[in-house]
Amino acid sequence: MGDESENDPAIGTGNQDELIMQQQRQIEREISETTALVGDLEPIVSLNNEYSNDNVYLEKIKDLSSKYKHIRRTRPDGNCFFRAFTYAMIEKMLDNANELEQFFKLIETSKADLLTLGFPEFTVDDFYETFMDVLKRVRDIKGVNDAKKELHSLFNEQGYSDYMVVYLRLLTSGHLQRDQEFYSCFIEGGRTVSDFCHQEVEPMYKESDHIHIMAACAALNTGVRVVYMDRGSSKSNIEHDLPEGTTPSVHLLYRPGHYDILYL
Amino acid sequence: MSLKTQYNLKSPGVKRLMREACELAEPTEEYFATPLEDNLFEWHFTVRGPPTTEFEGGLYHGRILLPSEYPMQPPNIILLTPNGRFEVNKKICLSISGHHPESWQPSWSIRTALLALIAFMPTSAAGTIGSLEYTKEERQILAKKSMNWECTVCGKIVDKLSHSATSNPLTKEESSLLSHIALKAEEDPSSKVNGTEPVDSVRHRIVNTDIPEIQEEIVRNIPQSNKDRMWELIIWMLLLTITLLIVRRFFFL
């Protein structure tokens, strides 16, 4: 099909962006073939395999394992914060029917808020319904373990899993826009909050920063502890509770560019 | 609908496309789109050229190819009716202009893509790949001709749009979006080969066979662009001058 002659100029002018994007897609494909969207529970020491010759990291993994027992890896596709956060929250609430019920109500009312902000009803509806559908499905299973199994399998089905991510991205964007005044001071590059949302929050595969996490937590009325593990000189890992002062319901491990779920 | 038996209705992507098919089932004055009978992931559409532009009166037909990850990945649009703004049979994809080429959002829809296409037609081609810089007159002629254009799958396109039903009013988000949306041709032929879009090879089968001929025929009928005409004139004048000189040499020595 491809008209070579027609497309040659693009190559001739050395379209680097295009090449980079192509390479990036190749990497993404490889990642998706090797890493589950949400993995199984693994012991913390399984991290050692990734850093067998790296003393800085090995030291920090030791520190991590003194506080946490398990890690659940997520696919590094730019959605990892949203996916890990949603998964870990729902998983935790399966142990507590009350919390789950409250969360259920919070999500139920969230759609109307998004519509008032001007999100298109037709598509918001679609994501909302799938999110609710997943919540109902796990809620209606009697045994906690079976419910968790169902959650795990739903989150590993690309369709459902991505829909959950989209809805949380929309909620996060909605919260940022509702609280514009507060968040505008955190946004760099002279962008408005709504520009930022359109460029960095709502599109899939865009990585999350502090500001995403703060807004997502506020939108779902919960807190998260992020444990930062990098090559920094401190012996122990740095912990951040977001928003400050809340009791975290979810613990996440952050290594540059990626979030995984931690279990006490 | 026979499609229902063929797809996993539980898959959110399929459900979404079914819903979009329902939402777009009634033709409006500006656009109409419907999935192929045997493929929910390929649609055909017709849009009306925006009024008060050189596309006024034109009807433009094309295909929408939906990636299997839709709506996480954007739809691709392919125009089939010669229009003088976009090359035919070439994928154009939807993005926000400038430095964020991949910012398609899952909360947009096929309707958004069609609205963007209509809004984008009168903008300057500015030498981007997949764009054509025909003159206003050429585009007007193509607009007129488009009324008689036929799709090998859908037939005559002249009856596809409604003459009275206006489309849903734009939402706040849609109108702000349309002000800075951009359509960009897919620039990268090799990505098709190495399988980024494996679905397409299958989906090309239906339409492409005899369209280039139709297009050629139409292109032949268009008066050449002004530049060509100017050159032609100059050549004729030169020839005339030379002949006159030669003739003078012979007779008036």
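Buried means under 20% relative accessible area, exposed over 50%, and partly exposed in between (1.4 Å probe, protein chains only). This is a predicted model, where local features need pLDDT of at least 70 and side-chain atom pairs count only at pLDDT 80 or more, while totals for chains, interfaces and linings use all residues. Side-chain values use heavy atoms, without hydrogens and water.

Q: Why is Phe155(A) called buried?
A: Its relative accessible area is 0%. The limit is under 20%, so Phe155(A) is buried.

Q: What makes Tyr87(A) count as buried?
A: Tyr87(A) has 1% relative accessibility. That falls under 20%, so the term applies.

Q: How many aromatic pairs does the structure hold over all chains?
A: It holds 18. Rings of Phe, Tyr and Trp (its six-membered ring) pair if their centres lie within 6.5 Å; planes under 30 degrees apart are stacked, over 60 edge-to-face, the rest tilted.

Q: Why is the pair of Phe81(A) and Tyr259(A) called edge-to-face?
A: The ring centres are 5.6 Å apart, so the rings pair. The planes stand at 65 degrees, over 60, so the pair is edge-to-face. Both residues are buried.

Q: What makes Tyr87(A) and Phe155(A) an edge-to-face pair?
A: Centre to centre they are 5.2 Å apart, within 6.5 Å.

Q: How do you know that the charged end of Arg139(A) sits over the ring of Phe104(A)?
A: The charged end is 4.2 Å from the ring centre. The rule asks for NZ of Lys or CZ of Arg within 6 Å of the centre and within 35 degrees of the ring normal.

Technical notes:
Residues numbered from 1 in each chain as written. Chains lettered and ligands numbered in written order.
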